[in-house]
Amino acid sequence: MSDSPTVLCAQSDTDERAETADALGDAGLAVEGVRSLDTLTAALDRSVDCVVTAFDLPDGDGFDVVDAVRSVNPACVVILYTEHAPSDLPRGGPEQVVEYVPRTVPESRERLADVAAMAAAEVTQAAYPVPETESERLSAVQRYDVDQLAAIDAFDRLTALMASHFDIDVAFVGLMDEHEERFVACEGANWRTLAREDTICTHTILSDETMVVEDTHEDPRFAEVDALKQLDIRSYAGVRITDEEGSAIGAVCCTDGEPRRYTQTEIDDLQRFADEVEEQLLLRRRLQGAP
Amino acid sequence: MAQRRDDRYTFDGLPLNPVEPGTSLLVTGPVLSGAREMGLRLLCSSDADGGTVLVATDKDATTMLADFERHGGVLDRERVRVIDCAQESGDLPEDSVSTVNTPADLTGIGIEYSGQYESTYASGYTRVRTGIITLTPLLVYSDDVRAVYRFLNTITGRIGTADGLGICVLDPNAHEEQVVESVAQFFDGRVDVRADQGALDLRVAGLRDQPTNWTPVGT
């Protein structure tokens, strides 16, 4: 298994695809070439770091590729590599922001390889702010195998207590993975995961302050997030949980279907619940003999 | 180490220390009384291999370039390029100016930006300063702020990996505080600007070795 960043390269012409793949390979990337939107879709998974695509494919165009990639791997970098000038391309939707390298610049394949190599290693096209130390944060999340730590029962009791204490619809403990939030305990609803760009918690983990959204409909960050409406999340309060090194691994949160304010006392109480979750995780890891 | 220090971006005439390549800065303050001027001054480059790509969202390219020149920029079509999305454009015959019909077309702006960046780079100007002046129309015209988040990740990602410099201007009074705070997360540092009886002050947050208290800006 290669540690090199993985790139899918979509071009219909076999010779051109091979030349582009060679240039990308020379830049240290692990390349898989595909000839069409269909074959690209079949090859897509979350291990892909970057997609390089021509604009014209036999069964679709570059923006179809963007849609296919976003549906599987929303943060993956997509680079249009085309002879079309920007003004000749059709208008894309606002969610179809991509990188672009024109084939008309000198030594364009080498330039594409430079852009792709750097983007695959360091860039995200996620629709949310990403912590500066995201790699370390994700490593920290992976160190907490909550099932193995047998913490679920304790978290179920805590979230039940929270729902009752705050008189809210839902209380949960969520861990923030690379692409989605995983609800490891959830009182009042049956939520398993939520795409990261749809979560409020992806903002909560950025700050050590309690995140309070009194009314999602009035907050421009969340007013257009359909998933929150579907889950009946109208108000929210959340505190991030961190590991010993300070990496944010998730959040402890309250939601309700009605707009709601939180008093300072309630915010202090929520912080105490979050401290309890953090401590439970830490102690159970120590019991397991984890470093 | 000495070589790396030489690569840093400098700001002539401003009370700022050089910043590392790949840095993106958010300039916040009243646009009409300081923040626009500060943004344009930060984009002026005296580097022989320095280029500038400007995303003009609230003034047309001609006005933006005139403002840039007034604040010290040297107009050279090979090294100064503009994406005009101010909806006011007249005839723009030069290759160094691209147009996008609306600030809502973030995909179009992103592609035109990359195209102009590549043209600048191909002309030998590899130390590219990128300016978005201002972010406000992009936020106002976007129904869902997440599209702007994706746009900012893409643009600051290119700036970071290409060892460029990014300067984005935002008037915090035009937006809800939560939006300003979330947008600031995409930048390495923030330059606050205020005007006091015509004189500008600045302060910097998020970067080391920069003035953190209000500091007068020379003309």
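Residues are numbered from 1 along each chain as its sequence is written, and chains are lettered from A and ligands numbered from 1 in the order in which they are written. Because the model is predicted, local features need pLDDT of at least 70 and side-chain atom pairs count only at pLDDT 80 or more, whereas totals for chains, interfaces and linings use all residues, and side-chain values use heavy atoms, with hydrogens and water left out.

**Strands of chain A and chain B**

Helices (H or I, at least four residues) and strands (E, at least two) are DSSP runs numbered from the N terminus, and two strands pair if DSSP finds at least two bridges between them. In chain A, strand E13 (residues 248–256) has nine of its nine residues buried, where buried means under 20% relative accessible area, exposed over 50% and partly exposed in between (1.4 Å probe, protein chains only). Strand E8 (residues 170–176) of chain A pairs with E13(A) in the antiparallel sense over six bridges, with A:Ala171 opposite A:Cys254. Strand E12 (residues 235–242) of chain A also runs antiparallel to E13(A), joined to it by eight bridges, and here A:Arg240 stands opposite A:Ala251. E12(A) and E13(A) form a hairpin with five residues between them, and A:Gly246 in the turn has a positive phi of about 95°.

Chain B holds an open sheet of nine strands with mixed pairing, in the order E4-E3-E2-E5-E6-E1-E7-E8-E9. Strand E4 (97–99) and strand E9 (215–216) of chain B stand at the edges with a single partner strand each, so one side of each is left without a neighbour in the sheet. Within this chain, strand E1 (residues 23–28) runs parallel to strand E7 (residues 189–196), with four bridges between them, and B:Leu25 stands opposite B:Gly189.

**The interface**

Contact, meaning heavy atoms within 4.5 Å, links 33 residues of chain B with 43 residues of chain A. The buried area, which is the accessible area (1.4 Å probe) that two parts lose on being put together, summed over both, is about 3200 Å² between the two chains, and carbon and sulfur atoms give 59% of it. On the side of chain B, the residues that lose the most area to chain A are B:Ile111, B:Arg146 and B:Arg150, together 24% of what that side buries.

**Salt bridges**

| Side chains | Distance, N to O |
|---|---|
| B:Arg158 and A:Glu99 | 2.7 Å |
| A:Glu16 and A:Arg103 | 3.2 Å |
| B:Arg70 and B:Asp67 | 3.0 Å |
| B:Arg194 and B:Asp201 | 3.0 Å |

A:Glu16 lies in helix H1 (residues 14–26) of chain A and A:Arg103 in the loop between strand E7 (99–102) and helix H4 (108–122) of chain A, so this pair ties together parts that are 87 residues apart in sequence. By contrast, B:Arg70 and B:Asp67 both lie in helix H3 (residues 61–70) of chain B, three residues apart; B:Arg70 is exposed at 59% relative accessible area, while B:Asp67 is buried at 5%.

Key
A salt bridge is a side-chain nitrogen of Lys or Arg within 4 Å of a carboxyl oxygen of Asp or Glu.
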